[in-house]
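Dear colleague,

Please have the sequence and the structure open beside you as you read.

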Amino acid sequence: MDLIHNFLNLILPPISLIAILLLLPPFLVYKLFNFSIRTFIPTQNLAGKVVLITGASSGIGEHLAYEYARRGARLALAARREDRLRAVVDKALRLGSPDAIAIRADVKEVEDCKRLVEETVNHFGQLDHLVNNAGVVHLSLFEDSPQQFSTIRSIMDINFWGSVYCTKFAIPHLRKGKGKIVVMSSSGTWFTTPRMSVYSASKAAQLCFFETLKTEFGSDIGVTIVTPGLIESEMTGEQFWSKSQIKGIPVESAERCAKAIVESVCRGDMYLTEPSWCRVGFWFKVFFPQLVQKSIKRSICSENVAGKVVLITGAASGIGEQIAYEYARRGAFLVLVDIIEDNLMEVSNTSPRLGSPRLDHLVNNAGTVKAKKFERINEISDHHSIMDVNLWGTINGIHFAIPHLKKTRGKIVVISSIAGWYPLPTLSIYSASKAALMNFCEALRTELGSTIGITVVTPGLIKTKMSHDWVMWNLITCDKIYGDLFSFDGVCNFVLMATDQRNFKSIIPEESAESCAKAIVRSACRGDSYLMEPSWIRWLFPMKVRSWIGATVCLSMFLTREMESTRGHFGRKINPISLVSLN
């Protein structure tokens, strides 16, 4: 299998470049043709439609309410500040909304989310658009964050889980009328800045989660993901500018942004960046990540880890186990962490004994996965553990390790996943957790500078117990083709029907955990900022970015339309904070 990966590493880059060059001209022609068609096709008529907007008491949410009102929509507005909310309702009625109600709710509470959807449906009898706009931001260096984590956890609870809860309860009603979901993400998901690490992580999780839902919903429910730049609101007030130290970037009015969002939703767009010039930053991030994240200078020589102290979470099996062996071969002292004590003892027997009380490398490998279509999840709380282990376990470990790593100018290795930027059906929460993890680390890198190195690893399909349990290729069935050939969904389903999904495992070769671990340790010792392993998978990313046609071909290997609901609760859970030092 390693021979196959070596072959793919050699031939896939030039083939991908040729494919992109060949696909780009027809893709641009298609985009122009599609734009011309949309110019003459009337957009959705919002008169009488029922729209639920969270975070509607100020900023973008408030002006979205006014824009929907001008188009004759009936509104259900939700926020925590009831007095401000009622003022927005009154103005919306004056602007032309036939009916509007105010619902006091806190989206980080599950019961509040359930109640606001029920009140909306009970009052209007239907739900056509759900606008997940509620959000908060906290500006501070991660290292200076309080150790209780209550403040920064609330950011994830509101920005990510709030939109997840509302969407969960709204899905049955949106399906009835082929409704739409609008998601207010942020350009901070791909252009990370210091002092906004957890905020960027929450928005990246949100974006990846709804990209995954898009693959699950098909054409039944439309999803429009908005990534605004700096928009005039309470969030971008005087305190924001003083703490963020961002200078020279123009701010767009919330009214202009809201108008662009509603027009985009009515057209059925999948993505919107507003103002549109902000997307230039995305291209720089894709093609010149080291230039954007130039806070770390890649070392020319490989680091000698002999005698260094390395802490590895999730070290009892899989990638974590093989990373332990690779560090051991290089003479490092190891601290291994896992909940499976028997396996952990076996791994520790191959490792040198711990030397001086110090910490040089922290390897955050612990993770868990549960695969199930989001719509078929009965209790979302059962899937909180995915975010707790994959994201918060890593954040907690890094927070307490930073003071020790600074003393040794150490390194942090974070094991993310290809699912963090290539969302797969049934893995919505898992993909969100990995996307949040990548964004958090990128923002943290800008804060730490060259004091502590950070290597973010995005593995593909690696031969481990976790990938063995996740028998996705045995679960896939194809649904009927829907949509037309001028839509992403129509072409995607056509490719799906033409592809034998039962050959998934043979189409996507597994790499051995040992080979992956060697590449990870080499990359960390070189001081790399990023590693994709096997390396050929990096060529899927530009194809996804440059062309939906290329993305369709790649997604056809992964996407599903119907997954068996009785399978999918598997994967071991790891507690990365139960530190066990093996002397």
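Arg153 lies over the face of Trp392, at 4.7 Å from the ring centre, and a second contact of this kind involves Arg445, which lies over the face of Tyr530 at 4.9 Å from the ring centre. Please keep in mind, here and in everything that follows, that this is a predicted model.

Next come the contacts between aromatic rings. A pair of aromatic rings is described by the distance of the centres and the angle of the planes. The count for this structure comes to six aromatic pairs. One of them is formed by Phe160 and Phe209, an edge-to-face pair with 5.8 Å from centre to centre and 85° between the planes. Phe160 belongs to helix α5 (residues 150-176) and Phe209 to helix α6 (residues 197-217), so this pair ties together parts of the chain that are 49 residues apart in sequence. Both Phe160 and Phe209 are buried.

Phe209 also pairs with Phe374, and because their ring centres are 4.9 Å apart and their planes stand at 85°, that pair is edge-to-face as well. Here the link is again between distant parts of the chain, with Phe209 in helix α6 and Phe374 in the loop between β10 (361-364) and α13 (384-408), 165 residues apart. Phe374, like Phe209, is buried. Which residues do the ring pairs link into a cluster? The cluster consists of Phe160, Trp161, Tyr165, Phe209, Phe210 and Phe374.

Turning to charged side chains, a search of the whole structure finds 19 salt bridges, and three of them are described here one by one.

The side chains of Glu119 and Arg115 meet in a salt bridge with an N to O distance of 3.2 Å. These two residues both lie in helix α4 (residues 110-124), four residues apart, which is about one turn of the helix. Glu119 has a relative accessible area of 33% and is therefore partly exposed, and Arg115, at 27% relative accessibility, counts as partly exposed too.

Glu375 forms a salt bridge with Arg175, in which the closest N and O atoms are 2.5 Å apart. This pair links distant parts of the chain, since Glu375 is in the loop between β10 and α13 while Arg175 is in helix α5, 200 residues apart. Glu375 is partly exposed, with a relative accessible area of 29%, and Arg175 is partly exposed, with a relative accessible area of 25%.

Lys178 and Asp220 meet through their side chains in a salt bridge of 3.7 Å, N to O. Distant parts of the chain are linked here too, with Lys178 in the loop between α5 and β5 (180-184) and Asp220 in the loop between α6 and β6 (222-228), 42 residues apart. Are the two partners buried or exposed? Lys178 counts as exposed because its relative accessibility is 52%, whereas Asp220, at 30%, counts as partly exposed. Elsewhere, salt bridges that share partners join Glu67, Arg70, Arg71, Glu255 and Glu263 into one network.

Strand β1 deserves a paragraph of its own. Five of the five residues of β1 (residues 50-54) are buried, so this strand is largely enclosed by the rest of the structure. Val50, Leu52 and Thr54 point one way from β1, and Val51 and Ile53 point the other way, with all of them buried. Five bridges join β1 to strand β2 (residues 74-79), and these two strands run parallel; within this pairing, Val50 stands opposite Arg74 in β2. Together, β1, helix α2 (residues 59-70) and β2 make a right-handed β-α-β unit. Strand β1 is also joined by three bridges to strand β4 (residues 129-132), again in parallel, and the bridge partner of Val51 in β4 is His129.

Finally, there is a record to set beside the model. UniProt, in an unreviewed entry, lists residues 7-30 as "transmembrane region". In the model, the chain over residues 7-30 is 100% helix and 0% strand, and the C-alpha atoms at its ends are 33 Å apart.

With best wishes

Conventions: Residues numbered from 1 in each chain as written. Predicted model: local features only at pLDDT ≥ 70, side-chain atom pairs only at ≥ 80, totals over all residues. Heavy atoms only, no water. UniProt positions renumbered as here; feature names shortened; annotations may be inferred. Phe/Tyr/Trp six-rings, centres within 6.5 Å; stacked < 30°, edge-to-face > 60°. Buried < 20%, exposed > 50% of the residue type's maximum accessible area, 1.4 Å probe, protein only. Lys NZ or Arg CZ within 6 Å of the ring centre and 35° of its normal. Salt bridge = Lys/Arg side-chain N within 4 Å of Asp/Glu carboxyl O. Pairing = 2+ DSSP bridges. Right-handed = clockwise from strand over helix to strand, strands pointing away.
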